[in-house]
Amino acid sequence: MFLAFHIFRDQPENVRILYTWIFVGLPFGMKRMCLFFVPKNFDIAGTVGVLAFNFIVGGIIGGFIVIWKLFGAIWSFIAFFIKCI
């Protein structure tokens, strides 16, 4: 996540949140998308547009999944220390 914040920085105090959200969520969201649009009967611009749309939707879905996984990890961490005490 640090790399994503570092890549999508305009100025030292400005981070592009949406780009970071999509970049971080892309690996988690692409495999969990229920519908993957297949470009068919398009020219090259339409094909690239549909593929970009797939990546954007997958990244946004993946961003929510990353947050869910982080909450689960924090919950497991807290539960582990409660069991140890």
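**Exercise 1. Contacts along the chain**

Among contacts in the chain between residues at least 6 apart in sequence, what percentage joins residues at least 24 apart?

*Solution.* The model is a predicted one. Start with the elements: the chain has three helices and two strands. Their order along the sequence is α-β-β-α-α. Among contacts between residues at least 6 apart, the share joining residues at least 24 apart is 56%.

**Exercise 2. The length of α3**

Check whether the span of α3 agrees with its number of residues.

*Solution.* Step one: α3 has 41 residues. Step two: the expected span is 1.5 Å times one less than the number of residues, so α3 should span 60 Å. Step three: the end C-alpha atoms of α3 are 58 Å apart, which agrees.

**Exercise 3. Buried residues**

State how much of the chain is buried, then name the buried residues of α3 and an element that covers them.

*Solution.* Buried means under 20% relative accessible area. In α3, the buried residues are Gly46, Val50, Asn54, Gly58, Gly59, Gly62, Gly63, Ile65 and Val66. Their cover includes α2.

**Exercise 4. The nonpolar patch**

Find the residues of the nonpolar surface patch and the helices that supply them.

*Solution.* The patch, about 500 Å², is made by Leu18, Tyr19, Ile56, Ile60 and Phe64. Both α2 (17-29) and α3 (44-84) supply at least two of its residues. The largest share, three residues, comes from α3. One of the patch residues is Phe64, and its place is in helix α3. Exposed means over 50% relative accessible area; Phe64 has 56%, so Phe64 counts as exposed.

**Exercise 5. Aromatic pairs**

How many aromatic pairs does the count give, and are the planes of Trp21 and Phe64 stacked or edge-to-face?

*Solution.* The count comes to three aromatic pairs. In one, Trp21 and Phe64 lie 5.3 Å apart, centre to centre, with 75 degrees between the planes. Planes over 60 degrees apart count as edge-to-face, and the pair of Trp21 and Phe64 is edge-to-face. This pair links helix α2, where Trp21 sits, to Phe64 in helix α3, 43 residues apart. Trp21 is partly exposed, at 26% relative accessible area.

Another edge-to-face pair is formed by Phe77 and Phe81, with 4.7 Å between centres and 80 degrees between planes. Both residues lie in α3, four residues apart, about one turn of the helix. An α-helix has 3.6 residues a turn, so residues three or four places apart point the same way. Phe77 is exposed at 53%, whereas Phe81 is partly exposed at 40%. Ring pairs join Phe77, Phe80 and Phe81 into a cluster.

Conventions: Residues are numbered from 1 along each chain as its sequence is written. This is a predicted model: local features need pLDDT of at least 70, side-chain atom pairs count only at pLDDT 80 or more; totals for chains, interfaces and linings use all residues. Side-chain values use heavy atoms; hydrogens and water are left out. Buried means under 20% relative accessible area, exposed over 50%, partly exposed in between (1.4 Å probe, protein chains only). Contact means heavy atoms within 4.5 Å. Patches are made of residues with over 30% relative accessible area and no salt bridge: like charges are joined within 9 Å, nonpolar side chains (Val, Leu, Ile, Met, Phe, Trp, Tyr) within 5 Å. Accessible areas come from the Shrake-Rupley method with a 1.4 Å probe; for residues, only the protein chains shown count as cover. A salt bridge is a side-chain nitrogen of Lys or Arg within 4 Å of a carboxyl oxygen of Asp or Glu. Rings of Phe, Tyr and Trp (its six-membered ring) pair if their centres lie within 6.5 Å; planes under 30 degrees apart count as stacked, over 60 as edge-to-face and the rest as tilted.
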